[in-house]
Amino acid sequence: MIREVIDLYMKDAEVCYYPHFFSANEADYYFKKLLNTIDWQQDTITVFGKTYLQPRLTALHANNKNPYSYSNITMHPKTFTKELTDIKSAIENEVKANFTTCLANLYRNGQDSNGWHADDEKELGKKPVIASVTFGSERIFHFKHKQDPSHKVKLVLKHGSLLLMKGDTQKHWLHQLPKTKKDIGERINLTFRIIA
Ligand SMILES: O=C(O)CCC(=O)C(=O)O
Ligand SMILES: [Fe+2]
């Protein structure tokens with residue numbers, strides 16, 4: 001299959017965006033299925049010694065037993081569901097990587113968010129390949145260069161889209177999913193990663 005792909009041409013990074021990686025029908029199907037079959041939970045995180053409820057629900061799935069730790073929490077994976085396996089295969093056909101792990105995020109409404117961070121934990125390796133899929137309400141996504149914060153990139157992550165981050169992206173850039181005052185519904189994000 002031939003799909004539209006947009007290279008973001010960001011300095012010190014390798015990022016590309018597939019606005020319609022999945023068809024509208026596939027995306028509708030996966031959104032409903034994932035909402036109902038994933039065991040979503042709200043974890044607490046500790047940042048600078050203070051404990052907060054995460055402003056979103058999450059789940060970790062993998063084809064190995066390797067945990068994933070960030071912001072002082074350690075998640076232990078469950079096995080992949082049928083839909084996660086199918087989505088992973090569709091991405092791997094395009095991306096030529098073998099993902100082990102999926103961190104799933106459920107943003108319940110515009111008040112749920114994901115603050116500035118880089119996915120640079122050492123278990124992801126030196127140049128992590130991260131494939132990030134969106135189902136449900138579209139949201140704005142921001143990048144900011146670590147050494148040159150005036151260097152910013154914004155994009156809208158659409159229903160059924162795929163954002164691919166590789167190379168030195170995590171080394172040189174932060175990303176976030178800000179809150180929005182818009183009255184919007186749920187968004188599911190799946191980030192496929194390699195944790196060997
Ligand atoms: O929801 C998103 O699009 C971003 C998720 C993300 O950055 C992460 O889980 O590391
Ligand atoms: Fe991230």
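This is a predicted model: local features need pLDDT of at least 70, side-chain atom pairs count only at pLDDT 80 or more; totals for chains, interfaces and linings use all residues.
Visitor: Which residues lie nearest the centre of the largest pocket?
Guide: Strands S3 (44-47), S4 (50-53), S6 (68-70), S8, S9 (114-117), S10, S14 (173-177) and S15 (DSSP runs of E, at least two residues) each supply at least two residues of its lining. The lining (residues with an atom within 4 Å of a point) comprises 31 residues. Nearest the centre are Arg56, Tyr70, Asn114, Gly115 and His117.

Visitor: Which residues are the protein donors of the iron ion (ligand 2)?
Guide: Donors are N, O and S atoms within 2.8 Å of the metal (3.2 Å for Na, K and Ca). In sequence, the iron donors follow the spacing H-x1-D-x55-H. Lying 2.1 to 2.2 Å from the ion, they are His117 (NE2), Asp119 (OD) and His175 (NE2).

Visitor: Is aspartate 119 buried or exposed?
Guide: The classes are buried (under 20% relative accessible area), exposed (over 50%) and partly exposed in between, with a 1.4 Å probe and protein chains only. Histidine 117, at 22%, is partly exposed. Because its relative accessibility is 5%, aspartate 119 counts as buried.

Visitor: Which strands stand at the edges of the seven-strand sheet?
Guide: This open, antiparallel sheet has the order S1-S2-S13-S10-S15-S8-S5, where pairing requires at least two DSSP bridges between two strands. Each edge strand has a single partner, so one side of each is left without a neighbour in the sheet. The edge strands are S1 (6-7) and S5 (57-62).

Visitor: What is the bridge partner of leucine 103 in S15?
Guide: Strand S8 (residues 101-107) pairs with S15 (residues 187-193) in the antiparallel sense over seven bridges. Within S15, the partner of leucine 103 is threonine 191.

Visitor: Which residue of S12 stands opposite phenylalanine 143?
Guide: Four strands form an open antiparallel sheet in the order S9-S14-S11-S12, with S9 and S12 (152-157) as its edge strands. S11 (residues 139-145) and S12 pair over six bridges. Opposite phenylalanine 143 stands valine 153.

Note on methods:
Residues are numbered from 1 along each chain as its sequence is written. Chains are lettered from A and ligands numbered from 1 in the order in which they are written. Side-chain values use heavy atoms; hydrogens and water are left out. On a 1 Å grid over the protein atoms alone, a cavity is a set of points where a 1.4 Å probe fits but cannot get out, and a pocket is an open set with protein on both sides within 12 Å along at least five of seven lines; lining residues have an atom within 4 Å of a point.
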